[in-house]
Amino acid sequence: MEGAKAQVGSLESSLLQIVQEHQQRSIWTREQTDKAKKDALRTATRVSELLVDTVNGGVEESFTNEKRIELEIRALASTIMRYKKQTDQWLAASHALNTVIKEIGDFENWMKIMDFDCKSINAAIRNIHQM
């Protein structure tokens, strides 16, 4: 009977040892799972932050480029207006010059006609005087 009790005690201790090992493995597995979850969460958070930074960097660069382009457009519009005024002034000056040159040509033509008329009158007076 004592041998049977020793076997039962040995069986009990073996079962207790198996249960304890199972509990220890369960605790170790749970700790490893929790650690893996935390690592995965930390990695996912980092990836998310990198993606947001990348997208925001592109948006920020686009915004900066847009502002720079708007400033360039304003500067070009100002330059265009200045050139337009200058071109209008040049057109007015060239028109005035053309008018003056035309008037000089008209005056020169008038002078030639007057010279011809004076010579004709002079010739007529000489003819009359010689007769």
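**Exercise 1. Burial**
Find what percentage of the chain's residues is buried in this predicted model.

*Solution.* Start with the cut-off: a residue is buried when its relative accessible area is under 20%. Then go through the 131 residues of the chain: buried residues make up 0% of them.

**Exercise 2. One residue up close**
Decide whether Met114 is buried, partly exposed or exposed.

*Solution.* Met114 has 33% relative accessibility, so it counts as partly exposed.

**Exercise 3. Overall form**
Work out how the chain compares with a compact globule of 131 residues.

*Solution.* Begin with the elements: the chain holds one helix and zero strands. A compact globule of 131 residues would have a radius of gyration near 14 Å, whereas this chain has 55 Å. Along the principal axes, the C-alpha atoms fill a box of roughly 190 × 15 × 5 Å. For a check within the chain, take Met114 and Arg68: they are 46 residues apart in sequence, and their C-alpha atoms are 68 Å apart in space.

**Exercise 4. Charges and rings**
Count the charged side chains, then find what lies over the face of Tyr83.

*Solution.* The count gives 18 positive and 19 negative side chains. The centres of these two sets lie 2 Å apart. Turning to Tyr83, Arg82 lies over the ring face, 5.5 Å from the ring centre. Finally, searching the whole structure for aromatic pairs turns up one.

Terms used. Residues numbered from 1 in each chain as written. Predicted model: local features only at pLDDT ≥ 70, side-chain atom pairs only at ≥ 80, totals over all residues. Heavy atoms only, no water. Phe/Tyr/Trp six-rings, centres within 6.5 Å; stacked < 30°, edge-to-face > 60°. Lys NZ or Arg CZ within 6 Å of the ring centre and 35° of its normal. Helix = DSSP H or I, 4+ residues; strand = E, 2+ residues; numbered from the N terminus. Rg over C-alpha atoms; globule rule 2.2 N^0.38 Å. Buried < 20%, exposed > 50% of the residue type's maximum accessible area, 1.4 Å probe, protein only. Lys, Arg positive; Asp, Glu negative; His and termini not counted. Charge placed at Lys NZ, Arg CZ, Asp CG, Glu CD.
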